[in-house]
Number of protein chains: 2
Amino acid sequence: MPKVEFRANPSPEEIKLLVDSAISSEALLTIFAHCRVYYDGRAKSELGSGDRVIIVKPDGSFLIHQSKKREPVNWQPPGSVVHVELREKPVLVSVRRKPPETLEVELEEVYLITVFHAEDYEELALTGSEAEMAELIFEQPEVIEPGFKPLYREKPVKHGIVDVLGVDSQGNIVVLELKRRRADLHAVSQLKRYVETLKEEHGNVRGILVAPSLTSGARKLLEKEGLEFRKLQPPKGGKKSRGKQLRLF
Amino acid sequence: MPKVEFRANPSPEEIKLLVDSAISSEALLTIFAHCRVYYDGRAKSELGSGDRVIIVKPDGSFLIHQSKKREPVNWQPPGSVVHVELREKPVLVSVRRKPPETLEVELEEVYLITVFHAEDYEELALTGSEAEMAELIFEQPEVIEPGFKPLYREKPVKHGIVDVLGVDSQGNIVVLELKRRRADLHAVSQLKRYVETLKEEHGNVRGILVAPSLTSGARKLLEKEGLEFRKLQPPKGGKKSRGKQLRLF
DNA sequence: TCATGCATCTCGGGA
DNA sequence: TCCCGAGGTGCATGA
């Protein structure tokens, strides 16, 4: 069996056959079609006639892409269940149970259907995340300041979860809020919430926002609230790369 | 010219020809291939060999989908520029200028290429948004409480933008923070930030979180901070549907 | 399941 | 352009 089967301008019956076969063989189904779309669930939407690419994945994920933007115009998340109904026109129906959501695609004209028996055992290896900023801080606490001692990672407190909890050289409790990208007002509010929570039970608590940069508004609020900022880039290049880099010196 | 052109098992030269023709004709390009992926930009990633669906849109959007999940495993946003390089293997290269980001897809084997001359003039019509909650509140302020008078929508204050600013029957300033779905800790922090900002300049300020429900933690923090909650569902069915519904009674 | 917070978030609106 | 906040956010993680 070839990796990709395809059929141009299929009849309604062929559409049903191909879709059903894709579903039962857990293949990745792609349909190039002129269609209308109806969604009802957490919200509700309608999309008039137009040419779109429709993808149905074996895990139930359902994507409808227009010819612009990164985001699908309509979709259904993994776990949804799809089937075809032959009404006046063939209709793709995808149903999600919790929360209840329904997506219907009226196929006015199907230009091409493909059934892709995709094999993929690889997972993405990504570096430059907030998690790696935390690892860096635990390995080299001096990137925050001399004498800083990180104690907890992802520490639950009364109203939220603190990124890094530690003490400074004076013994003060220090809360770190890490952001892998430019920190905004939201990040400051988050840090403030943790600091206020901890201040209730302990004496002085310092709050430090750790990020590559700050928005203007974040800087203003941070200063007003007596919180601090430490500039830090998320490290790109995980353990392997760091090992390589070390060998260069 | 047909809506969809396609070529199974193309040679490297044919791949380059088809990709270039899709780009120059502003068509939607889809490639079913066994490939490796390298990304470097805001973060950095690698993805080993596997079967994926690659979509390149005429606006520069670039998507790589595995056979699971709603999200692309790698991508490039609109405005990126793509081209093909014929190295040992054909490579799709997509470059974004600001911030600088590069995505490279090494095409180890191409099963099928499609070039879709998609025409689509429709836009999604969605109902059930936060914006519609605000409209409802301005049309029927009593859904908040008797005597409430909404005055401003999306009102910029010192540290952020308030959803709805109004006054109650006693003349107190009232801040509303609207959420179309269950409100969480973040929503409470946001409301608290606005209330504190306004309290600095005015006397008493009430803060009301308006949402269909609250998380457990949000309820606790809300009560501790002396903020209020008003239950409200986002209205589904815009002006038309509301008209229909009225006619039913 | 729910709660919490990250994300190469994306996207739109406003200054 | 930056800033700010919504989103049918999706998604992983932990309780």
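This briefing covers the sheets, the helix contact, the DNA surfaces and some backbone details of the structure above. The model is predicted. Helix α3(A) meets helix α3(B). DNA strand C has 30 residues around it, and DNA strand D has 30 as well.

**Sheet in chain A**

- Strand β13 (residues 205–211) of chain A runs parallel to β14(A), and 4 bridges join them.
- Within β14(A), A:K231 is the bridge partner of A:A211.

**Sheet in chain B**

- β10(B) pairs with strand β11 (residues 160–167) of chain B over 7 bridges, in the antiparallel sense.
- In this pair, B:P150 stands opposite B:G166 of β11(B).

- The axes of helix α3 (residues 185–201) of chain A and α3(B) come within 10 Å. They cross at roughly 95°.
- That angle makes α3(A) roughly perpendicular to α3(B).
- From α3(A), the contact takes in A:L185, A:H186, A:S189, A:K192, A:R193 and A:E196.
- From α3(B), the partners are B:L185, B:H186, B:S189, B:K192, B:R193 and B:E196.
- By class, the residues of this contact are 2 nonpolar, 4 polar and 6 charged.

- Of the 30 residues around DNA strand C, A:R70, A:R180, A:Y194, B:R42 and B:R182 come nearest.
- Sugar and phosphate make up 82% of the atoms of DNA strand C that come within 4 Å of the protein.
- β11 (160–167) and α3 of chain A each supply at least two residues of this surface, as do β5 (74–76) and α4 (216–224) of chain B.
- The residues divide into 9 nonpolar, 7 polar and 14 charged.
- A polar side-chain atom of A:K69 lies 3.1 Å from a phosphate oxygen of DNA strand C.
- A:E71 uses a polar backbone atom, 3.1 Å from a phosphate oxygen of DNA strand C.
- For A:E130, a backbone N or O atom is 3.0 Å from a phosphate oxygen of DNA strand C.

- A:W75, A:Q76, B:R180, B:R181 and B:Y194 come nearest of the 30 residues around DNA strand D.
- Sugar and phosphate account for 78% of the atoms of DNA strand D that come within 4 Å of the protein.
- β5 (74–76) and α4 (216–224) of chain A each supply at least two residues here, and so do β11 and α3 of chain B.
- The class counts are 8 nonpolar, 8 polar and 14 charged.
- A:Y39 has a side-chain N or O atom 3.2 Å from a base nitrogen of DNA strand D.
- A:T215 has a side-chain N or O atom 2.8 Å from a phosphate oxygen of DNA strand D.
- A:S216 places a backbone N or O atom 3.2 Å from a phosphate oxygen of DNA strand D.

**Backbone details**

- The peptide bond joining A:K98 and A:P99 is cis, with omega about 0°.
- A:P99 sits in the loop between β7 (90–96) and β8 (101–116) of chain A.
- A cis peptide bond also runs from B:K98 to B:P99, with omega near 0°.
- B:P99 lies in the loop between β7 (90–96) and β8 (101–116) of chain B.
- B:K69 has a phi near 75°, a positive value in a residue other than glycine.
- The loop between β4 (62–65) and β5 of chain B holds B:K69.

Note on methods. Residues numbered from 1 in each chain as written. Chains lettered and ligands numbered in written order. Predicted model: local features only at pLDDT ≥ 70, side-chain atom pairs only at ≥ 80, totals over all residues. Heavy atoms only, no water. Pairing = 2+ DSSP bridges. Axes fitted to C-alpha atoms, helices over the stretch in contact; angles between N-to-C directions. Parallel < 35°, antiparallel > 145°, perpendicular 65-115°, else oblique. Contact = heavy atoms within 4.5 Å. Nonpolar A, V, L, I, M, F, W, Y, C, P; charged D, E, K, R; others polar. Near = heavy atom within 4 Å. Polar contact = N/O pair within 3.5 Å; in protein donor to acceptor, adjacent residues only side chain to side chain.
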